[in-house]
Amino acid sequence: MQAPSSVRTLVIAAVAAVLLMVPLAVSAADAAPNDTCMMCHGDGAAKNAAGKSITVDAKSFAGSVHGQMSFKCTDCHSDVSADKLPHEPKLKPANCAACHEAPVKEYLATAHAKARAGGNMVAATCSNCHGVHDIQKSSEPASRTNVARIESTCGSCHGNDAVIQKAKLPGGNIVSQYHDSIHGQKTNGKGPAATKAPTCTGCHGAHKILTKNDPESRVNREHIALMCGSCHQQVYSRFSASQHGQMRQAGNSAAPTCIDCHSAHRIQQHAGTQWQLDVIKECGNCHQDFIATYRDTYHGQVTQLGFTRVATCNSCHGAHDVLPASNPKSMVSPENRVNTCRSCHPGANANFAAYEPHGNPHDRVGNPILYYTRLFMQLLLAGVFTFFGIHTLLWLIRSLKEVGKGRGGHDGH
């Protein structure tokens, strides 16, 4: 049972008085202020008036970056003096900006700081990411900000369903999405690749984390390609020269960027069957007319059955280097079309490549032969069903009459 605060105050005062009566060459503040603080805070059962633990693990602090630099408790808790005890029950929060001015300045402009300023006290502060008395350098394996532990550190909020619901965090459980992604699989693996794969801070930044709607955010739609290109430089180079990249450079923000095809946190290995099938739908989000005509073809119908051993969008148009057919470098330009078809059909020639993969049977002007062929087949089908429908109906009527005659003859009438 916790002692009343008045009793604790008297105990602390008595301890301080004893310390002051011990003959020392120097004052307690100069000799060992941390030891003085640990007289109370080293007690594993120590709690404040609100019932929150105020215990400090001396060993953890000694092994921390601050402990190794011989920091005193009063360096961070500046409103406390070891030779003036007991101190006030409620102290000011440690001021990290006293030493880390630049990172704290960046943090104050972030989504986390703005959320706290708006009353959302669940939002992360320095201690949520770095720890309190056990802060380690990021290079240390035990550090919360080590590349191998970033996922779990961010996941304490963005991977915790209770916190997500309470703080109304956008995107849902994005850490679980990341964990199953190709990036997450690499960072949770072993070897050099684990330290090179992007983590949360690799895309969002460390201290300057901004919402995606902020024009200065690393994950703002206008910066996505460049941000992904910091790792995927060759892909970024091809994308920048593509039709999509040129549209974005011209100011068309609706043009596709990396996350439109690959997603943000669910990025998968491009060789996976499911991803190859799903990315066709992504192309169809913008090219609705082309996806409709593609689905009418043999290629499109086979992919709808779940198979990928037929041509998909990128098989003919490319992936990151999509160019219009008028560009000589395009895979579907007259100069390259035969070679593109030969990647699957080795014997393809010019006549084979003349096939229209996106023929629209509803376009009378653009595809007159296909349009009238479709119309003829529809009329033929309707005529056949109509003729045989009438024939079947007449045959039914005749059969009923024959049955009636048969029954009448059997009764003797």
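Guide: Happy to. One definition before we start: a residue counts as buried under 20% relative accessible area, as exposed over 50%, and as partly exposed in between. Please keep in mind that this is a predicted model.

Let us begin with Arg 221. Its relative accessible area is 27%, so Arg 221 falls in the partly exposed range. Arg 221 forms a salt bridge with Asp 260, and the closest N and O atoms of this pair are 2.7 Å apart. Where do the two partners sit? Arg 221 belongs to the loop between α15 (200–204) and α16 (224–229), while Asp 260 is in helix α19 (residues 258–262), so the bridge ties together parts that are 39 residues apart in sequence. Asp 260, with a relative accessible area of 26%, is partly exposed.

Another of them joins Asp 134 to Arg 144, with 3.1 Å between the closest N and O atoms. Here both residues lie in the loop between α9 (126–130) and α10 (150–158), so the pair ties together parts that are 10 residues apart in sequence. Asp 134 has 30% relative accessibility and therefore counts as partly exposed. Arg 144, at 29% relative accessibility, is partly exposed too.

A further salt bridge brings together the side chains of Lys 208 and Glu 216, at 3.9 Å from N to O. The cut-off for a salt bridge is a side-chain nitrogen of Lys or Arg within 4 Å of a carboxyl oxygen of Asp or Glu, so this pair qualifies. What about the exposure of its two members? Lys 208 is partly exposed, with a relative accessible area of 41%, whereas Glu 216 reaches 57% and is exposed.

Now to the cysteines. A disulfide needs two cysteine sulfur atoms within 2.5 Å, and by this rule the count comes to 0 disulfides. Cys 76 shows how this works out: the nearest cysteine sulfur is that of Cys 99, 6.7 Å away, and Cys 76 is in no disulfide. Cys 76 has a relative accessible area of 29%, so it is partly exposed. For Cys 231 the nearest cysteine sulfur belongs to Cys 203, at 7.4 Å, and Cys 231 is likewise in no disulfide.

How values were computed. Residues numbered from 1 in each chain as written. Predicted model: local features only at pLDDT ≥ 70, side-chain atom pairs only at ≥ 80, totals over all residues. Heavy atoms only, no water. Buried < 20%, exposed > 50% of the residue type's maximum accessible area, 1.4 Å probe, protein only. Helix = DSSP H or I, 4+ residues; strand = E, 2+ residues; numbered from the N terminus.
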